[in-house]
Amino acid sequence: MVNRVFRAALLSMAACGLALAAHAQTPAPAPAATPAPAAQAAPAPADADPVVARVNGEAVHRSDVQRMVAQLPPQVQQMPLEMIYPAVIEQLVNSKLVAEAGYKANLAGTPEVKDEIKRAEERAVQRAYIQKEVQSRITPAKLDEAYQAFLKQNPAQEEVKASHILVEKEDEAKAIIAQLKKGGDFAKLAKEKSKDPVAAEQGGDLGYFTKDTMVEPFADAAFAMKKGEVSKEPVKTQFGWHIIKVEDKRTQPQPSLDEVKPQLEQQLSKDIVTNVVDDLRKVAKVETFQLDGSPMPKEEPAQTAPKAEEPKKN
């Protein structure tokens with residue numbers, strides 16, 4: 001199963017040209033004279049990027065394994081590395097053998113391969129430039145400015161902490177309210193009578209919630225009540241009849257900068273990339289043509305409506 005999914009993913013990668021880009025590079029230096037056999041149970045190497053295989057003397061490192069795993073579909077990446085490691089090593093060895101055969105066939109100098117290498121290098125340079133610009137422009141001041149804007153756009157909301165007892169019929173709800181007025185224990189009655197099994201286990205407790213997270217009749221009633229108050233009349237929703245007890249009210253705490261920092265950095269990054277490209281286009285000479293290479297048709301100037309004739313003066 002693992003090998004089938006893995007091999008399918010690798011075939012897809014090859015179809016996209018990733019295998020060619022990965023192996024169209026200068027061969028690694030010659031291996032040491034006495035490498036430790038992979039099968040030996042030797043102590044973990046001190047090298048941060050140990051050799052995990054050798055193919056005709058060319059080393060395959062752990063970083064090669066990590067790069068290949070990073071290119072696999074998410075469902076494969078989520079598997080334990082130990083599970084897919086044999087298949088990864090097998091494919092890396094196969095890739096090295098195929099690349100070596102290609103070098104021997106003098107394919108590295110063909111126009112097709114050179115063009116593919118140039119395109120891969122261009123993509124790498126693009127990524128490096130964007131990363132450099134993003135890192136240099138996301139300053140603490142920019143982050144704080146974005147954070148303050150976030151707080152204004154997401155003001156603190158009022159929250160209610162409430163418990164409820166849910167029953168099917170209005171008469172049942174009214175009978176429970178009568179029991180509560182006589183001193184009945186809300187949590188005990190919730191455990192005994194509520195049709196909401198999850199809340200019933202907690203004595204009806206729903207925790208803190210904002211108004212928009214509950215159905216309208218329930219939310220309207222709960223937020224109109226005072227702390228410690230129990231609803232005097234049952235509240236009807238599509239789920240049944242509710243008896244509500246408001247335990248507490250508070251203003252929802254707003255998230256700290258650290259909590260929303262990844263979200264803010266992502267948004268800032270998008271804006272920065274847009275600005276970088278816009279700035280480059282402002283100073284560039286860009287010419288575009290139609291698919292057949294012919295000039296683009298000139299845009300006709302927008303026609304203005306004729307002015308109405310002014311009435312003649314007598």
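**A chat about cores, a sheet and a crossing**

Trainee: Leaving aside its neighbours within four places in sequence, which residues is leucine 92 in contact with?

Mentor: Leucine 92 touches Val60, Asp64, Val65 and Met68, once the neighbours within four places in sequence are set aside. Keep in mind that this is a predicted model.

Trainee: And which residues have the most contacts inside the largest nonpolar core?

Mentor: Those are Val60, Val65, Val88 and Leu92, in a core of 13 residues. Strand S1 (51-55), helix H3 (62-70) and helix H5 (81-104) each contribute at least two of its residues.

Trainee: Which element gives the most to this core?

Mentor: H5 does, with four residues. There is also a second, separate core of twelve residues, and Val260, Leu264, Leu268 and Val276 are among them.

Trainee: Let's go back to S1. How many bridges join S1 to strand S2?

Mentor: Four bridges, with S1 and S2 (residues 58-61) running antiparallel. Valine 55 has glutamate 58 as its bridge partner in S2, and alanine 53 is partnered by valine 60.

Trainee: What do S1 and S2 form, and how many residues lie between them?

Mentor: They make a hairpin with two residues between the strands. In the turn, asparagine 56 has a positive phi of about 50 degrees.

Trainee: New topic, the four-stranded sheet. In what order do the strands come?

Mentor: The order is S4-S3-S6-S5, in an open sheet with antiparallel pairing. S4 and S5 are the edge strands, each pairing on one side only. From one strand to the next, the twist averages 45 degrees.

Trainee: Over how many bridges do S3 and S6 pair?

Mentor: Over ten bridges, in the antiparallel sense. For a landmark, look at leucine 166, which stands opposite histidine 242 in S6.

Trainee: Which helices lie across S3 and S6?

Mentor: Helix H8 (residues 170-181) lies across them, running at about 50 degrees to S6. Helix H9 (residues 186-193) also lies across S3 and S6, at about 50 degrees to S3.

Trainee: What about H11? Which of its residues are buried?

Mentor: In helix H11 (residues 216-224), the buried ones are Phe218, Ala219, Ala221, Ala222 and Phe223. They pack against strand S3 (158-167), strand S4 (205-210), S5 and strand S6 (240-251).

Trainee: I keep clicking on valine 246. Which strand is it in?

Mentor: Valine 246 is in strand S6.

Trainee: Why does valine 246 count as buried?

Mentor: Valine 246 counts as buried because its relative accessibility is 0%, and the cut-off for buried is under 20%.

Trainee: So which residues is valine 246 in contact with, leaving aside its neighbours within four places in sequence?

Mentor: Its contacts include Val160, Lys161 and Ala162, along with Ala222, Met225, Lys226, Lys227, Gly228 and Glu229. The C-alpha atoms of valine 246 and glycine 228 are separated by 5.4 Å, with the two residues 18 apart along the chain.

Trainee: Now the helix pair, H6 and H12. At what angle do they pack?

Mentor: Helix H6 (residues 111-137) and helix H12 (residues 257-282) pack at about 115 degrees, and their axes are 10 Å apart.

Trainee: Is the crossing left-handed or right-handed?

Mentor: H6 passes H12 in a right-handed crossing.

Trainee: Which residues meet there?

Mentor: From H6, you have Tyr129, Ile130, Glu133, Val134 and Arg137. On the H12 side they meet Ser269, Ile272, Val273, Asn275, Val276, Asp279 and Leu280. Val276 is also one of the residues of the second core.

Trainee: Zooming out, how many helices and strands are in the chain?

Mentor: Twelve helices and six strands. Of the 314 residues, 28% count as buried. Among contacts between residues at least 6 apart in sequence, 66% join residues at least 24 apart.

Trainee: Last thing, confidence. What is the mean pLDDT of the chain?

Mentor: The mean is 85, and 81% of the residues reach 70 or more.

Trainee: Which elements have the lowest and the highest mean pLDDT?

Mentor: Helix H2 (residues 18-23) has the lowest, at 36, and strand S5 (residues 235-237) has the highest, at 97.

Trainee: Where does pLDDT stay under 50?

Mentor: Over residues 10-45, and the model has 29 contacts beyond four places in sequence for that stretch.

Conventions. Residues are numbered from 1 along each chain as its sequence is written. This is a predicted model: local features need pLDDT of at least 70, side-chain atom pairs count only at pLDDT 80 or more; totals for chains, interfaces and linings use all residues. Side-chain values use heavy atoms; hydrogens and water are left out. pLDDT is the predictor's confidence in each residue, from 0 to 100. Contact means heavy atoms within 4.5 Å. Buried means under 20% relative accessible area, exposed over 50%, partly exposed in between (1.4 Å probe, protein chains only). Two strands pair if DSSP finds at least two bridges between them. Axes are lines fitted to C-alpha atoms, for helices over the stretch in contact, and angles run from 0 to 180 degrees between N-to-C directions. A nonpolar core is a set of buried Ala, Val, Leu, Ile, Met, Phe, Trp, Tyr and Cys residues joined through side-chain atoms within 4.5 Å. A crossing is left-handed if the near helix is turned anticlockwise from the far one by less than a right angle, and right-handed if clockwise.
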